[in-house]
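This briefing goes through selected backbone features, a sheet and a nonpolar core of one structure. Please keep the sequence and the coordinates at hand while reading.

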Amino acid sequence: MPQLASRMGHAKPSAIMAVAEKAKALKAQGRDIISFSIGVPNFLPGEHVYAAARDALAKDSGQYGSNRGADALLDAFIAHMDRLGLTGYTRKNCATGIGAKHILYNLAEALLDPGDTIAFATPYWTTYVDIADIVGAKTLLLPAPASQNYKITPAQLDGALAQKPKLYLFNNPSNPTGMVYTKDEIAALADVFAKYPDTWIISDDIYNTLTFDGIGYHNIVNARPELRDRMIFVDSLSKTYGMPGWRVGLLAGPEVIAQAITTLNSNHITNLPEIVTAAAVAALSGPQDVPQQKCKEFEAKRDIVLDALAQIPGVHCPRPQGAFYVFPDISCAFGKSHGGKTIANDVDFCSALLEAEGVACVPGSAFGEPSALRISYTCPDVQLKEGLRRIQAFFAALT
Ligand SMILES: Cc1ncc(COP(=O)(O)O)c(C=O)c1O
């Protein structure tokens, strides 16, 4: 039988999807399942977004579109970046893709030859490792455990960049930890990046408008404008605008990068669909009340989760200030058992929790941190509180 390409030997289906699938199967058997597993925002965009999509449908040109992205979308993105404080970008600095995942994949294709090194912090978003694997890149991981608030230090970054990785992949606010770097922390990291001119930097900041406690969103180019020549800002409408299924990803960076992505688009996807483009323009340029309201709600939900976790002896959880994830260290449960089942690690924990209490969380090892698990907390408060009550009950029943 003919074989698959060798790169597929590395490719694995997403561990997060595996948990979601198991939860779905249990639900289909009639079990009452509460899912904290998938990172979905659980809200829909404002009516103006649907109105723009309907209008575009009525006016369908029936044509192919721009490989880079429609001018109207690029302009709406540039205006959005201006609001974030990322100024001075033109259409030539920008490109679009089918979600940030596609943009990141394209960037890996564009920047990494087999054997090149990509560096990033642990815990990481699962897909980083998988994309690196598929393009045959080596990974250089910077451990950022709970004891350092899941953030890398300037000294760690210095040590990693001294090894001359081709690419550093930065993520702020973070999936899976929800941690957000302060303005001063970003400035300190920017100083280190400035010392190493041979490394490209991707800033995967797709949760940029979801920050809490007034911490705000900060980018390294604001601290060190000279980094603009090699910093690529990645954004998406999935989480911040409640539009994961619409698949809109965006990037801004040096012209050569935006052009490379445009070239890859011309060979992969050709263009984002017209209707999706119209909806994306409306989301970025229209009223921002829905996303702003949701951000406030997520902040309140974050507090509900932290309060519940604080009541569980032994569970340690750094305080996230963005996105919609909490990433508690649950290693106090390892070595114990639940209903006769031994909990040796995070995977055992999540599997027993799902079976015993019907709560689906993602094991931290999916993100390179086996001491923890990820709770995605966007579900309605009633479900959220019930799920947390069950997690408390699960811990209380450990022997
Ligand atoms: C950090 C991070 N980057 C990128 C993505 C991909 O987002 P999109 O839906 O735009 O592909 C996700 C989705 O979970 C994410 O958490």
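In which loop is the place of P123? In this predicted model, P123 sits in the loop between β3 (117-122) and α5 (127-134), and the peptide bond that joins T122 to P123 is cis, with omega about 0°.

**Positive phi outside glycine**
- K164, which is not a glycine, has a positive phi of about 55°, and its position is in the loop between α6 (154-161) and β5.
- Because K164 has 12 C-beta neighbours inside 10 Å, and a residue with 12 or fewer is classed as exposed, K164 counts as exposed.
- R247 is likewise a residue other than glycine with a positive phi, here near 60°, and R247 is found in the loop between β7 (231-236) and β8 (249-252).
- Since the threshold for a buried residue is 20 or more such neighbours, R247, with 20 C-beta neighbours inside 10 Å, counts as buried.

**The seven-stranded sheet**
- Seven strands make up an open sheet with mixed pairing, and their order is β2-β8-β7-β6-β5-β3-β4.
- The edges of this sheet are β2 (94-97) and β4 (138-143), each of which pairs on one side only.
- On average, neighbouring strands of the sheet are turned by 20° against each other when direction is ignored.
- The strands β3 and β4 run parallel and are joined by six bridges, and I118 stands opposite T139 in β4.

**The nonpolar core**
- The largest nonpolar core contains 118 residues, and those with the most contacts inside it are I232, L251, A279 and A280.
- Helix α10 (residues 274-285) supplies the largest share of this core, namely eight residues.
- Domain 1 (6-44 + 290-396) and domain 2 (48-285) both contribute residues to the core, which therefore lies between them.
- When residues up to four places away in sequence are left out of the count, A280 touches L73, L237, W246 and V248.

Definitions and conventions
Residues are numbered from 1 along each chain as its sequence is written. This is a predicted model: local features need pLDDT of at least 70, side-chain atom pairs count only at pLDDT 80 or more; totals for chains, interfaces and linings use all residues. Helices (H or I, at least four residues) and strands (E, at least two) are DSSP runs, numbered from the N terminus. A nonpolar core is a set of buried Ala, Val, Leu, Ile, Met, Phe, Trp, Tyr and Cys residues joined through C-beta atoms within 7 Å. Domain bounds come from an automatic or database domain assignment. Two residues are in contact if their C-beta atoms, placed from the backbone, lie within 7 Å. Two strands pair if DSSP finds at least two bridges between them. Axes are lines fitted to C-alpha atoms, for helices over the stretch in contact, and angles run from 0 to 180 degrees between N-to-C directions.
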